[in-house]
2 protein chains.
Amino acid sequence: MDFKLELKKYQELVNEELAKYLRKEAVPESILNHSVEYSLMAGGKRLRPILMLKTYQLFNENIENCMSFAVAMEMIHNFSLIHDDLPGIDNDDFRHGKLTNHKKFNEATAILAGDSLLNQAYIVISKSLLQEQQLERKIRALSEFTHSVDRMIAGEYVDTEYEGKQISHEYLEYIHNNKTGALLKACCRIGAILAGAQEEDIENITEYANHIGLAFQIKDDILSETGDEKVLGKPIGNDKEKGKCTYVTKYGLEESQKKLEVLTKEAIKRIEKYGEKGEFLKELALYMMERNK
Amino acid sequence: MDFKLELKKYQELVNEELAKYLRKEAVPESILNHSVEYSLMAGGKRLRPILMLKTYQLFNENIENCMSFAVAMEMIHNFSLIHDDLPGIDNDDFRHGKLTNHKKFNEATAILAGDSLLNQAYIVISKSLLQEQQLERKIRALSEFTHSVDRMIAGEYVDTEYEGKQISHEYLEYIHNNKTGALLKACCRIGAILAGAQEEDIENITEYANHIGLAFQIKDDILSETGDEKVLGKPIGNDKEKGKCTYVTKYGLEESQKKLEVLTKEAIKRIEKYGEKGEFLKELALYMMERNK
């Protein structure tokens, strides 16, 4: 398997699916729909839906039954980015090298575009429930989904609340586990649940998710300090300036890098048992560790 | 039936149900939970959940199966109020005679409290789906629910977008149908669907909802001009000042009052066929017409 090629293939697949939900009709709220499209199609890495689809494929080949949830999760991720960037929260001007939603449109539009995307995720899932196949699995997946979004919002709140304050290791982990970790964990669990995996495998894949989740956030913190502004598409060194407490500002770069590597190794261990089928998820963990944006 | 007494009884019932979902534990995001509680328990009239429950009771006595959706709808209504009041949208300082959420807490908290409430509505519904009784009805109700929220957000967007501009009758109706009408219509339809009503009755009750929905918005517009500031709990005459196009600013008070009365009468006609069981919904239409807040 050529990892990069496979990643690109799945990114395109997710983009095609997302494009099906874009609203092109001339309606009074057209600009709201443009603004949703602007953010949703701004060139994200699609890590969450791909993580879900590839976890699903550990246990089941036909990803069709998983696609709605994968797309819905990407909508949630993008809603959270639009709202996090708002002047009232992070007040960021750039994302993926483009103006943030409220800078490109305006604040009211960005607030409502975020609201709309959050809700559209549930439109997509509810459509999938109407199809009635594998209803039990889907309802369990929906429950995981709703709770992960709840945790993500709580994590974002705590992150915002403690900006500029010294926080304990416990709080820092709380923020990471919720703000970034919750959705990544849900992606893996939902993939496994929808595919009909055994409970034991669902737990195992949850451990994989927990490790890459924390690793993902630490990598984000490292990139926020040392990344290339042009590649990253947003200003560097903002965290220290804003008094944000991150892994890097708390433990330094070297310690953070070490932790990142240990977590990635631990994550990969969980996938060994799936042999060749797990190849992509192993490579994905490495890719997330080595990424430059 | 003593309408006022019955209304109060159901308001208390809804409040008790909502209280079950308030989060009291000491968690890092406690203040976010306080802020959700602050808005959710600020003394709203609970019209939407009561409308749903009472429509349900036209066809089915045991309201237990409807309660989750009723509570979820009230959460949606409150999320929309929190976000509408934000500085980036309506920039209102008071609601129900109390400071708006972002004034009492701060903007970040208000944005995230709204997001959280929107998502909590789906947590509540997903719990109800896990119970598995009447699954087919619940899934259809969820679909109605998601689409009504979508329409409400679109209506709010168009309302904001056209503030201070002259708009056509068509656009004014579009705003009303979506911003206020969509949720009210969904309340009636979901009540009927969950109760197992015949399609013919679902359509009939939809007509009732469409009429009271538009009546409700016209009454809101009238109160915005002529209401008692102390009773209403928010400043009067704001619409004209902000250049908002409403029924009243467009057609004048007299014409608006006439339209309100015709719509209410039409709504009541739809309920005649349910005899005594429809008494409350008839009285409710009159109450909504005559309310002073």
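This is a predicted model: local features need pLDDT of at least 70, side-chain atom pairs count only at pLDDT 80 or more; totals for chains, interfaces and linings use all residues.
## Where the two chains meet

Let's start at the meeting point: 39 residues of chain A are in contact with 39 residues of chain B. Here, "in contact" says that the C-beta atoms of two residues, placed from the backbone, lie within 7 Å. On the side of chain A that touches chain B, at least two residues each come from α2 (30-40), α6 (107-130), α7 (135-161) and α8 (169-194). The top contributor is α7(A), with 15 residues. (Helices are DSSP runs of H or I with at least four residues, numbered from the N terminus.)

What classes of residue does this side of chain A have? There are 23 nonpolar, ten polar and six charged ones. Nonpolar covers Ala, Val, Leu, Ile, Met, Phe, Trp, Tyr, Cys and Pro; charged covers Asp, Glu, Lys and Arg; the others, Gly among them, are polar.

## How the copies are related

Turn chain A by 180°, shift it 0.0 Å along the axis, and it can be laid on chain B with an RMSD of 0.0 Å. The two copies are thus related as by a two-fold rotation axis. In chain A, A:D115 has the C-alpha nearest that axis, 3.5 Å away. (The superposition is by least squares on C-alpha atoms of residues with pLDDT of at least 70 in both copies.)

Also, 100% of chain A's interface residues are interface residues in chain B too, so the copies meet through the same surface.

Residues are numbered from 1 along each chain as its sequence is written, and chains are lettered from A and ligands numbered from 1 in the order in which they are written.

Chain A has a mean pLDDT (the predictor's confidence in each residue, from 0 to 100) of 94, with 98% of its residues at 70 or more. For the complex, the predictor gives an ipTM of 0.95 and a pTM of 0.95.
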